[in-house]
Amino acid sequence: MRFDKTTLLTAFIALSAAFSADAGAQRPMLETSLGYSFIHANAPPGQCACFSANGGYGSVVFNLPRSFSLVADLAAVHANGISNSTQSVTVFNYLFGPRYSFLTARRFVPYAQALGGGSQEFSNYAALNNPTGAAFSVGGGMSTAFSHHVGWTIVEADWVQSRLPNAKNDLQNDLRVGTAITFRFGSR
């Protein structure tokens, strides 16, 4: 019997739902996440010499009473061979802000967030000297808990806008998608 990625993902989600029946009932005070991050970038805009970058992210979430949280999100992604050249780039985003979790569901908790901060680019392109710029993101995701101490951010999708040089208008509008394992501490 052959299993494809969709079958394995469906089985994993069903298994996580079974384990999380009561685990999500108590909201933790603090959550830390480590995960995978994928960005589809549109630099420079207009021409769409679009490229994809892979990397990771870590976040810290301090859950306030009710449904609000404060989030610190640090992500770094890397891409090689941009526009069929030898150019490589690493982008580091550091974003902070509020999150609202929809706590009506017990097993799966959807959330929305708006974060602001900055972005820094590291490139082998000689014209750029590790520029920095403002950045913000708007998005959300879905999480679940395996136990009182371990959870899973099933998916997080964000629109990330940054002000980094791109030879056109110094404005990037990127799509970021990620998934992460979450460690939960304390209870609210």
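The accessible surface of the protein chain in this predicted model amounts to about 10,000 Å², and carbon and sulfur atoms hold 64% of that surface (Shrake-Rupley method with a 1.4 Å probe; for residues, only the protein chains shown count as cover). Of the 188 residues in the protein chain, 41% are buried (buried, under 20% relative accessible area; exposed, over 50%; partly exposed in between; 1.4 Å probe, protein chains only). Residues are numbered from 1 along each chain as its sequence is written, and side-chain values use heavy atoms, with hydrogens and water left out. Local features were required to have pLDDT of at least 70 and side-chain atom pairs were counted only at pLDDT 80 or more, whereas totals for chains, interfaces and linings use all residues.

The protein chain contains one helix and eight strands, arranged along the sequence as α-β-β-β-β-β-β-β-β. These elements are DSSP runs numbered from the N terminus (helices, H or I, at least four residues; strands, E, at least two). The eight strands form a closed barrel in the order β1-β2-β3-β4-β5-β6-β7-β8, with antiparallel pairing; two strands pair if DSSP finds at least two bridges between them. Neighbouring strands of this sheet are turned against each other by 25° on average, direction ignored (axes are lines fitted to C-alpha atoms, for helices over the stretch in contact; angles run from 0 to 180 degrees between N-to-C directions). Strands of a sheet pair through backbone hydrogen bonds. In the pair formed by β5 (residues 108-123) and β6 (residues 132-145), 13 bridges connect the strands in the antiparallel sense, and G117 lies opposite A135 in β6.

Among contacts with a separation of 6 or more in the protein chain, 58% join residues 24 or more positions apart (contact, heavy atoms within 4.5 Å). The largest nonpolar core has ten residues: I39, A41, F51, A53, V77, A79, I82, V89, V91 and L164. Two or more residues of this core come from each of β1 (30-41), β2, β3 and β4 (89-101). A nonpolar core is a set of buried Ala, Val, Leu, Ile, Met, Phe, Trp, Tyr and Cys residues joined through side-chain atoms within 4.5 Å. A second, separate core of five residues includes V61, V71, L115 and A135. Residues up to four places away in sequence aside, V77 touches S37, I39, A53, N54, G55, V89, T90 and V91.

R66 is located in the loop between β2 (51-63) and β3 (68-79). Although not a glycine, R66 has a positive phi of about 75°. R66 is exposed, with a relative accessible area of 73%.
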